[in-house]
Structure formats: structure tokens, C-alpha cells
Amino acid sequence: MGNIFHGGGDADLDMSNGGTAVFVDALMLAVSALVEEPWDYRFAALLALQDQNVAGRGCVGFGLADIDWGATPAERARAKDFVLRTTDLALARHRWEELDYEAPYAERYLRRFREMVEAFEPAPSVDPSRDGRFPGPDEAATASCVRHRILSALPHWDSCVRCSEEWD
């Protein structure tokens, strides 16, 4: 069983469980380096919630349409730019030397995700509490794992994606 991340229309990123773990690890290393604004921390929480060691194998994924991109064109543009910058930093292999495995397909997955985000036209947010798929302001990933220096999914669970894999 794998995981699917939906873009707009027919654009999807379908990955194995192992591929998803690598994809999330790479994005978490990057997002943790770039967060500045409240929305960024909410997006970081969404990524942290994709931890299959907690949520279960084959049980993660999200759609770009499920993200609260913002109410104004400027907010949506800024949020989209943040996701693209995060993906670009991951593609630059930011902190990959800390991973204890090879990631031969990670670049392909990240490029596909970047293409999906770039082509996606975010709709205005209707209601920030609309369906609970995108973490709200009170669920933002503001806690950082001291050991791994990445954001964790608090208040949902008390570990970062690397801790949950029991890495040394």
C-alpha cells in the first residue's frame, strides 16, 4: 500500500511507503530551516503529520486543494512561494548528509511535487476550520526536536519524524 499526494486535476504523486518516508524526511529538514511566518509553521505541521511511524503505513498524504493557502491573492502567492522554496531547498539536498540511508528516488519525488505545486492555482480560503485537514493556527509546528533540529508535530504527538524512526 502506498500514499498519494494530490495536485490539481489529474496531477498526483503516488509513492511507496519507503518513498514517502524519504520525501517527508527531506521536506522536514528543509521546512525547519525556512519557517518564519505563522502559515509556514502550519505547513510544517502538515508535513510532520505525514509520519507513517505514527499515522501508519499507507495512511498519509494530502491534496494541495486541502491546504488553506490564504484569503488574499498576496497571502496565497506568499504561501505557494514558501512551499516552492522549501521544495527547492530539499532538492538542493539540505542536510541530507544526516540521513543514514541513500535516497535514490527522493529527487524525482521532490521534482514531481514541485511541478504539482507550481501548476496549482490555490483557491481563496473559505473558512480556516473547514475540514481539519490543514492544521489550524493552534496546531502549528512550533516545537523543535532538540536532538534532530527539526519541527515536530506537537500537539498531535511528541516526536519528530526522525525520532519516531528511532534514529541515532
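The following legends describe close-up views of a predicted model.

**View 1. Lining of the largest pocket.** Helices α2 (38–48) and α4 (73–91) each contribute at least two residues to the lining. By class, six of the lining residues are nonpolar, two are polar and five are charged.

View 2. The side chains of R114 and D88 form a salt bridge, with an N to O distance of 2.4 Å. This pair joins distant parts of the chain, since R114 belongs to helix α5 (residues 106–119) and D88 to helix α4, 26 residues apart. D88 is partly exposed, at a relative accessible area of 34%. A network of salt bridges links D88, R114 and E118.

View 3. R111 pairs with E107 in a salt bridge whose closest N and O atoms lie 3.0 Å apart. The two residues are four positions apart in helix α5, so about one helical turn separates R111 from E107. Both partners are partly exposed: R111 has a relative accessible area of 44%, and E107 has one of 26%.

**View 4. Salt bridge between R95 and E98.** The closest N and O atoms of R95 and E98 are 2.9 Å apart in this salt bridge. R95 counts as buried, with 12% relative accessibility, whereas E98 counts as partly exposed, with 23%. In the model as a whole, the count of salt bridges comes to ten.

Definitions and conventions:
Residues numbered from 1 in each chain as written. Predicted model: local features only at pLDDT ≥ 70, side-chain atom pairs only at ≥ 80, totals over all residues. Heavy atoms only, no water. Nonpolar A, V, L, I, M, F, W, Y, C, P; charged D, E, K, R; others polar. Salt bridge = Lys/Arg side-chain N within 4 Å of Asp/Glu carboxyl O. Buried < 20%, exposed > 50% of the residue type's maximum accessible area, 1.4 Å probe, protein only.
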